[in-house]
Amino acid sequence: QLGGIIRSLDRGENWDFIGDEVPDDGPWVTPFAIDPFNPERIVAGYTNVWISDDQGDSWSMASSWSEDEKVRCLAIAPSDGNVIYVGRNDLMMRSTLGGGSWQSVQNGLPELSPTSFAVDPSDPLHVWISFSGTAAGQKVYESNDGGTTWNNRSNGLPNVPVNSLAIN
């Protein structure tokens, strides 16, 4: 919580805090993901995106966004560790360079709180995003082009917040 991430290297016998050197505050539930191609690489969302290439021993800032909001959700594409999606209340972004540069993907999305990304296991540009809140018909969106365009897939869903997405 609030950016505190812990790790164990001995199956839970001992625990170490990682991310202490990150100067940003994290949200209550700080999103992070481990790169599926490099288990030493962790991507975490605080106010900005921070990346560690050594299991959390050191961190570097991968974005430089305003300090007004915190990252609410992020995902690394299962088929390409360089493709990262990040959502905050004020922006939705995608990097195809492992956090090296970012492009906005919020065109066509509602101005609501994002809760989850799900990325197709075989196509890093096929992605879904979910939203919290009680705005009817604005719960889940799908993109086949990495977020350049979005299709609303909320038809038939109840008017309750969607907190998480999964692909099976």
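Asp53 counts as partly exposed, because its relative accessibility is 49%, which falls between the cut-offs of under 20% for buried and over 50% for exposed residues. The model described here is predicted. Asp53 takes part in a salt bridge with Arg41, in which the closest N and O atoms are 3.5 Å apart. Because Arg41 is placed in the loop between β3 (32-34) and β4 (42-45) and Asp53 in the loop between β5 and β6, this pair ties together parts that are 12 residues apart in sequence. Arg41 has a relative accessibility of 8% and therefore counts as buried.

In total, five salt bridges are present in the structure. One of them is formed by the side chains of Asp57 and Arg7, with an N to O distance of 2.8 Å. Distant parts of the chain are linked by this pair, given that Asp57 lies in the loop between β5 (49-52) and β6 (60-61) and Arg7 in strand β1, 50 residues apart. Arg7 counts as buried, at 14% relative accessibility.

A further salt bridge joins Arg153 to Glu142, the closest N and O atoms being 2.7 Å apart. Arg153 is located in the segment after β14 (151-152), whereas Glu142 belongs to strand β13 (residues 140-143), so the contact ties together parts that are 11 residues apart in sequence. With a relative accessible area of 42%, Arg153 is partly exposed; Glu142, by contrast, is buried, with a relative accessible area of 10%. Salt bridges with shared partners also join Asp35, Arg41 and Asp53 into one network.

Four strands make up an open sheet in the order β7-β8-β9-β10, with antiparallel pairing. Strand β9 (residues 92-95) runs antiparallel to β10 and is joined to β10 by two bridges. In this pairing, Met93 stands opposite Ser104 of β10.

Leu2 is situated in the segment before β1 (5-7). Its relative accessibility is 51%, and Leu2 therefore counts as exposed.

Key
Residues numbered from 1 in each chain as written. Predicted model: local features only at pLDDT ≥ 70, side-chain atom pairs only at ≥ 80, totals over all residues. Heavy atoms only, no water. Buried < 20%, exposed > 50% of the residue type's maximum accessible area, 1.4 Å probe, protein only. Pairing = 2+ DSSP bridges. Salt bridge = Lys/Arg side-chain N within 4 Å of Asp/Glu carboxyl O.
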